[in-house]
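Dear colleague,

Please find below the structure that I am handing over to you.

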Amino acid sequence: LARRRRRRRLLPPAAMSIVADRPRPREEVRASTRARSCSDFPSRTPAERLTDDILVEILSRVPAKELCRCKCVSKHWLGLIHHPDHRKRLPQTLAGFFYGRITSTTGQRVLELPFRFTSISGDGRSPVGTSFTFLPNHHLPVDLLDSCNGLLLCRCYHVSDGVGAFHYVVCNPATEKWIVLPNSGKDSSQVATTSLGFDPALSPHFHVFELVQQHKYGENKNTDISGVTVYSSETGEWIYKEKRWSRATWFASWHSSATVFLNGLLFFRALDLKLHDCVAAVDTKGEIWMKFRVPGGQVDGFVQRSIFRAPADQFDDLDLAHGFIQRSQGRLHFANFQRDKYGVAIRLVVHVLENYQDKQWILKHSIETSNIFGWTDLWLDADFDFIAIHPECNLLFFAVGGITFMCYNMDNRQVKVISHLADVKPLFLPYAPLYTESQSLHI
């Protein structure tokens with residue numbers, strides 16, 4: 001036996017393969033097959049035993065951010081999530097932006113028909129129709145005022161109540177459902193801006209805010225915020241609440257995303273005689289009013305400056321921050337540029353507000369503008385427009401020269417050109433499809 005084992009070890013590799021390939025007795029093959037079935041092919045995991053219908057039902061209850069991570073589990077999961085039949089049942093994230101020509105007949109910058117759409121991938125395809133023919137009196141002018149988590153706030157004009165008469169309409173273009181809101185009782189000249197607040201994770205109901213302004217300075221025509229009018233889809237009524245600030249406060253809007261709805265509060269940029277450039281907030285009941293400074297001053301030796309001026313040049317001697325607020329990953333963000341003494345933007349900075357109580361902004365990201373654009377002479381008033389920060393990740397969208405739509409990834413510090421737009425400076429409104437039926441909307 002020892003001699004036979006020694007002889008087998010001396011066989012060359014080719015001979016060893018021949019020996020290994022010799023047919024074995026049937027009993028030995030059966031035993032080997034049983035052994036492989038137990039060891040080489042373990043039982044399927046609980047997730048693998050789920051049917052596709054059950055798996056899609058589970059995924060439909062996962063937040064949009066976590067759903068994106070689920071795409072990396074397997075090719076099968078990726079296919080389920082991207083399948084057209086399943087996509088309407090799953091939570092959606094930012095798809096792109098409505099944009100188009102700007103009009104400001106009532107002081108608020110809005111989009112007017114025809115609306116256009118650009119996706120974040122740059123292919124230009126819209127997940128919904130852009131003609132909005134499902135709206136009432138769609139043959140008459142329609143303005144797009146705001147968007148929030150899949151719902152859109154429109155201003156639909158009609159001729160029955162005279163020239164310039166309109167109704168607010170909240171609609172879901174994915175389901176083509178809409179509701180006409182009753183009149184708030186406020187004249188359009190009294191409203192600084194109208195915004196939509198909707199968070200399906202908190203409530204199936206939406207709110208519409210009118211920031212009401214009043215004239216107080218005679219011929220100067222300055223208007224400060226005097227209160228807020230709020231419509232609730234739950235009650236079907238408007239309420240009016242006066243401001244709870246002692247100092248005059250002006251609404252400030254210089255870009256697409258003038259307001260942000262987060263955690264039941266409407267945040268907006270404002271100007272204040274003491275706080276100067278600040279962020280203000282009011283809740284859906286008009287009971288909570290807050291104001292706090294935006295990040296400013298010297299950071300790493302650079303000074304944040306601004307070309308903007310408040311009404312009647314109240315703040316001519318003050319350096320107001322040029323920036324915008326956004327909701328991203330459940331927190332309030334503020335993006336801004338630091339500029340040199342000549343007004344040239346030299347660094348992009350992004351801050352985040354961890355909580356509203358201490359009112360402290362934390363620096364999240366900073367990068368030289370030359371590393372983003374390749375040049376240093378960036379003039380904010382003509383060359384650059386903030387558009388949005390992705391609600392689920394660290395992507396910042398902006399337009400350069402008014403016609404080049406771009407994206408900056410704060411994680412890998414890479415810049416991507418998404419598309420080239422028409423030769424006009426458009427207004428952008430973010431859109432994420434909402435395919436679920438809403439109790440607040442009806443025909």
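Strand S20 (residues 323–328) pairs with S21 in the antiparallel sense, over 6 bridges. Please note that this is a predicted model, and that everything described here should be read accordingly. Within this pairing, Ile325 has Phe334 of S21 opposite to it. The two strands, S20 and S21, form a hairpin with 2 residues between them, and Gln329 in the turn has a positive phi of about 55°.

Strand S21 (residues 331–339) is in turn joined to S22 by 8 bridges, and these two strands also run antiparallel.

His351 stands opposite Leu363 in S23.

How far are the residues of these strands buried? In strand S22 (residues 345–353), 9 of the 9 residues are buried, so the strand is largely enclosed by the rest of the structure. S21 is mostly covered, with 8 of its 9 residues buried.

**The sheet S4-S1-S28**

An open sheet of 3 strands, with antiparallel pairing, has the order S4-S1-S28. Strand S4 (116–119) and strand S28 (427–431) stand at its edges; each has a single partner strand, so one side of each is left without a neighbour in the sheet. From one strand to the next, the twist averages 30°. Strand S1 (residues 96–100) pairs with S28 in the antiparallel sense over 5 bridges, and Tyr99 stands opposite Phe428 in S28.

**Aromatic pairs and charges over rings**

The structure holds 23 aromatic pairs. Two of them are described here.

The rings of Phe98 and Phe117 have their centres 5.2 Å apart and their planes at 75°; the angle is over 60°, so the pair counts as edge-to-face. Phe98 belongs to strand S1 and Phe117 to strand S4, and the pair links distant parts of the chain, 19 residues apart. Phe98 and Phe117 are both buried.

Trp245 and Trp289 form an aromatic pair that is edge-to-face, with 4.9 Å from centre to centre and 85° between the planes. Trp245 lies in the loop between strand S12 (237–242) and strand S13 (249–251), whereas Trp289 lies in strand S17 (residues 289–293), so the pair ties together parts that are 44 residues apart in sequence. Trp245 is buried, and so is Trp289.

Phe98 and Phe117 also belong to one aromatic cluster, together with Phe115, Phe132, Phe134 and Tyr431.

Which rings have a charged end sitting over them? Among them are Phe166 and Tyr240. The charged end of Arg155 sits over the ring of Phe166, 5.2 Å from its centre. The charged end of Lys186 sits over the ring of Tyr240, 4.1 Å from its centre.

**Helices H4 and H6**

The axes of helix H4 (residues 52–59) and helix H6 (residues 75–82) come within 11 Å and cross at roughly 70°. That angle falls between 65 and 115 degrees, which means that H4 is roughly perpendicular to H6. On the side of H4 the contact is made by Asp52, Leu55, Val56 and Leu59, and on the side of H6 by His76, Trp77, Leu80 and Ile81.

**The chain as a whole**

The protein chain has 9 helices and 28 strands. Of its 443 residues, 48% count as buried. Among contacts in the protein chain between residues at least 6 apart in sequence, those joining residues at least 24 apart make up 50%.

Yours sincerely

Methods:
Residues are numbered from 1 along each chain as its sequence is written. This is a predicted model: local features need pLDDT of at least 70, side-chain atom pairs count only at pLDDT 80 or more; totals for chains, interfaces and linings use all residues. Side-chain values use heavy atoms; hydrogens and water are left out. Two strands pair if DSSP finds at least two bridges between them. Helices (H or I, at least four residues) and strands (E, at least two) are DSSP runs, numbered from the N terminus. Axes are lines fitted to C-alpha atoms, for helices over the stretch in contact, and angles run from 0 to 180 degrees between N-to-C directions. Rings of Phe, Tyr and Trp (its six-membered ring) pair if their centres lie within 6.5 Å; planes under 30 degrees apart count as stacked, over 60 as edge-to-face and the rest as tilted. Buried means under 20% relative accessible area, exposed over 50%, partly exposed in between (1.4 Å probe, protein chains only). A charge sits over a ring if NZ of Lys or CZ of Arg is within 6 Å of the ring centre and within 35 degrees of the ring normal. Angles under 35 degrees count as roughly parallel, over 145 as roughly antiparallel, 65 to 115 as roughly perpendicular and the rest as oblique. Contact means heavy atoms within 4.5 Å.
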